[in-house]
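This report describes selected features of one protein model.

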Amino acid sequence: MKRYNLIIPAKWAGISSLALLGACQNQEKEPQQPNIIFIMSDDHAYQAISAYGYGLNETPNIDRLAEEGALFSRSTVTNSISAPSRAVLLTGKHSFVNGKVDNNRPFDWNQPNFPKLMQANGYQTAMIGKIHLDGIPQGFDFSMVLPGQGQYYNPDFLIDGERVRKEGYCTEIITETTLDWLKNKRDPNKPFCVLYHQKAPHRNWQPAPKYLTLYDDVTFEPPANFFDNYEDRGRAAKEQEMQVHGHAMWGHDFKMIVDPYGDSTGFHHELNRFNDKQREDWLAAYTPENEEFKAKYHSLTDKEIALWKYNRYIKDYLRTIKSIDDGVGELLDYLEEAGLAENTIVVYTSDQGFYLGEHGWFDKRFMYEESFRTPLLMRYPKEIKSGTVIDALVQNLDFAPTFLDYAGIEVPEEMQGESFRQVVAGKTDKWRDAVYYTYYEFPSVHMVKRHYGVATERYKLMHFYYDIDEWEMYDLETDPMEMRNIYDDPAYAEVRDMLHKRLEELRVYYGDSNELNEKFLKEYLEHQN
């Protein structure tokens with residue numbers, strides 16, 4: 001693995017980032033600003049992109065970005081939950097600075113974001129798909145966004161603020177609209193920046209009609225720690241409510257209209273949104289397997305039931321990803337046909353990672369690797385060599401300054417991320433040595449406790465607080481699945497002290513504190529009441 005030297009951020013050295021960026025801008029520029037297409041899915045685990053080598057599924061079109069550009073092996077998020085993550089990527093600021101610390105709190109669109117700055121500097125901008133931030137998006141010449149989480153089938157969209165229902169499958173509609181804007185709606189004389197954001201593969205993983213039976217002939221083996229008993233971990237891992245076998249629901253998640261005990265699940269209400277043909281195809285695909293499973297349910301062992309649930313979950317999850325990959329292929333083909341590929345930066349990522357049965361879980365929220373890490377693939381033929389692999393600790397905090405850097409636009413001092421343009425181009429190996437993480441949404445669905453932490457290339461330190469006061473520490477080199485908390489292991493005493501010091505340095509640098517934690521907790525509990 002390539003090693004990176006610590007770069008002290010300019011603001012620590014008494015030199016403004018704007019001054020450094022201005023110096024860079026005095027160098028020779030490309031004659032034309034690059035176009036930017038920022039593709040983001042929702043809850044797409046890196047384990048479910050074949051370029052990452054896990055062998056779970058095939059994503060040939062997303063893989064093209066790695067083959068023709070770069071794959072990031074340690075891209076992470078600052079807060080592993082949807083709306084806060086999206087606020088971070090837009091603003092380049094941590095949740096406790098941009099104000100969107102959880103899904104409940106409103107987002108302030110009036111603050112600066114990178115699309116606003118690009119729009120003000122000659123770019124045409126569009127936001128198409130899911131953003132999960134309340135209010136009308138600011139910084140876009142065109143926006144068509146899902147209200148809230150949105151629907152997979154026949155979804156409503158807010159088109160420049162007006163609510164419109166579109167017939168069809170959400171992933172395909174978002175792709176079709178993006179391509180239509182690129183082909184027919186934009187000014188071809190201006191550079192463009194498009195945020196092409198899919199709802200999939202967010203829960204409850206409803207596949208497109210053409211993929212309803214994909215993987216029917218496959219039985220997936222769960223991760224090695226699917227039956228984790230959380231020994232050597234603290235209360236946070238033990239008290240969560242996100243187990244595939246235990247917390248996922250017969251109707252909403254496993255697509256049963258009547259459960260194995262003969263009770264209605266309420267899932268028929270979700271099918272009411274479907275048109276007649278969609279509903280007919282859906283029932284034809286799911287009913288036979290559901291009935292077969294229910295007929296033998298009471299004779300199955302607990303392990304057999306758990307494995308059936310895992311397979312229902314993972315198949316639906318991967319089926320929704322197939323439609324995303326199709327759309328990426330259509331987009332890349334268009335760029336080639338239109339002669340735009342050379343001067344267009346294409347990024348693929350997710351708003352966070354996701355558990356695909358690791359520790360027995362689905363969902364995200366924890367700072368453990370599967371939700372903390374997120375896929376990131378990037379192509380820009382002018383600067384990025386084919387087949388590049390980047391091991392640097394980049395974060396969603398860095399997207400805004402990176403895009404502005406490529407566009408030749410000054411990065412506001414208030415943005416806390418750093419541009420990784422020179423890193424991905426292979427022009428420097430200097431980068432940060434640690435990243436900072438926060439999570440606030442507790443008590444809430446899935447019951448993942450409040451925590452913050454620091455991660456380096458090898459180690460991770462987390463503090464769980466509010467109703468508990470527990471520390472966890474992991475050595476990712478010897479324990480990549482994070483099964484053993486080594487916080488109290490004397491052999492790691494020096495490492496623990498180093499991580500505590502680094503954690504406090506980052507909290508001071510980014511402007512976080514225990515006082516802010518208390519403030520957000522108080523406001524959250526008042527909102528809950």
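Which residue of strand 7 is the bridge partner of Leu158? The partner is Arg163. The model in which this pairing is found is predicted. Strand 6, residues 156–159, and strand 7 pair in the antiparallel sense, and four bridges join them.

Strand 2, residues 35–41, pairs with strand 8 in the parallel sense over five bridges, and Met40 stands opposite His197 of strand 8. Strand 4, residues 124–129, also runs parallel to strand 8, and six bridges join the two; here Thr125 stands opposite Cys193.

Is strand 8 enclosed or open? Six of its six residues are buried, so strand 8 is largely enclosed by the rest of the structure. Phe192, Val194 and Tyr196 are buried on one side of strand 8, and Cys193, Leu195 and His197 are buried on the other, so that both faces are covered.

**Helix 2 and helix 10**

Two packed helices are described by the angle between their axes and the distance between the axes. Helix 2 and helix 10 (residues 302–337) pack at an angle of about 50°, and their axes are 7 Å apart. That angle makes helix 2 oblique to helix 10. On the side of helix 2, the contact is made by Pro60, Asn61, Ile62, Arg64 and Leu65. Helix 10 contributes Asp325, Asp326, Val328, Gly329, Leu332, Asp333 and Glu336. The residues of this contact divide into five nonpolar, two polar and five charged.

Phi of Trp205 is near 55°, a positive value in a residue other than glycine. Trp205 is buried, with a relative accessible area of 1%.

The loop between strand 13 (435–439) and strand 14 (451–455) holds Pro443. The peptide bond from Phe442 to Pro443 is cis, with omega near 0°. Met447 lies in the loop between strand 13 and strand 14 too, and has a positive phi of about 50° although it is not a glycine. At 24% relative accessibility, Met447 counts as partly exposed.

**Salt bridges**

The count of salt bridges comes to 45.

| Pair | Closest N to O distance |
|---|---|
| Glu414 and Lys93 | 3.0 Å |
| Arg319 and Asp316 | 2.7 Å |

Where in the chain do Lys364 and Asp43 lie? Lys364 is in the loop between strand 9 and helix 11 (369–372), and Asp43 is in the loop between strand 2 and helix 2; the pair links distant parts of the chain, 321 residues apart. Lys364 is buried, and so is Asp43. Lys364 and Asp43 also take part in a network of salt bridges that links them with Asp363, Arg365 and Glu441.

The pair of Glu414 and Lys93 links distant parts of the chain, 321 residues apart. Glu414 lies in the loop between helix 12 (399–407) and helix 13 (421–424), and Lys93 in the loop between helix 3 (82–91) and helix 4 (95–98). Glu414 counts as partly exposed at 38% relative accessibility, whereas Lys93 counts as buried at 5%.

Arg319 and Asp316 are three residues apart in helix 10, and are therefore separated by about one helical turn. Arg319 is buried, and so is Asp316.

Definitions and conventions:
Residues are numbered from 1 along each chain as its sequence is written. This is a predicted model: local features need pLDDT of at least 70, side-chain atom pairs count only at pLDDT 80 or more; totals for chains, interfaces and linings use all residues. Side-chain values use heavy atoms; hydrogens and water are left out. Two strands pair if DSSP finds at least two bridges between them. Axes are lines fitted to C-alpha atoms, for helices over the stretch in contact, and angles run from 0 to 180 degrees between N-to-C directions. Angles under 35 degrees count as roughly parallel, over 145 as roughly antiparallel, 65 to 115 as roughly perpendicular and the rest as oblique. Contact means heavy atoms within 4.5 Å. Ala, Val, Leu, Ile, Met, Phe, Trp, Tyr, Cys and Pro count as nonpolar, Asp, Glu, Lys and Arg as charged, and the others, Gly among them, as polar. Buried means under 20% relative accessible area, exposed over 50%, partly exposed in between (1.4 Å probe, protein chains only). A salt bridge is a side-chain nitrogen of Lys or Arg within 4 Å of a carboxyl oxygen of Asp or Glu.
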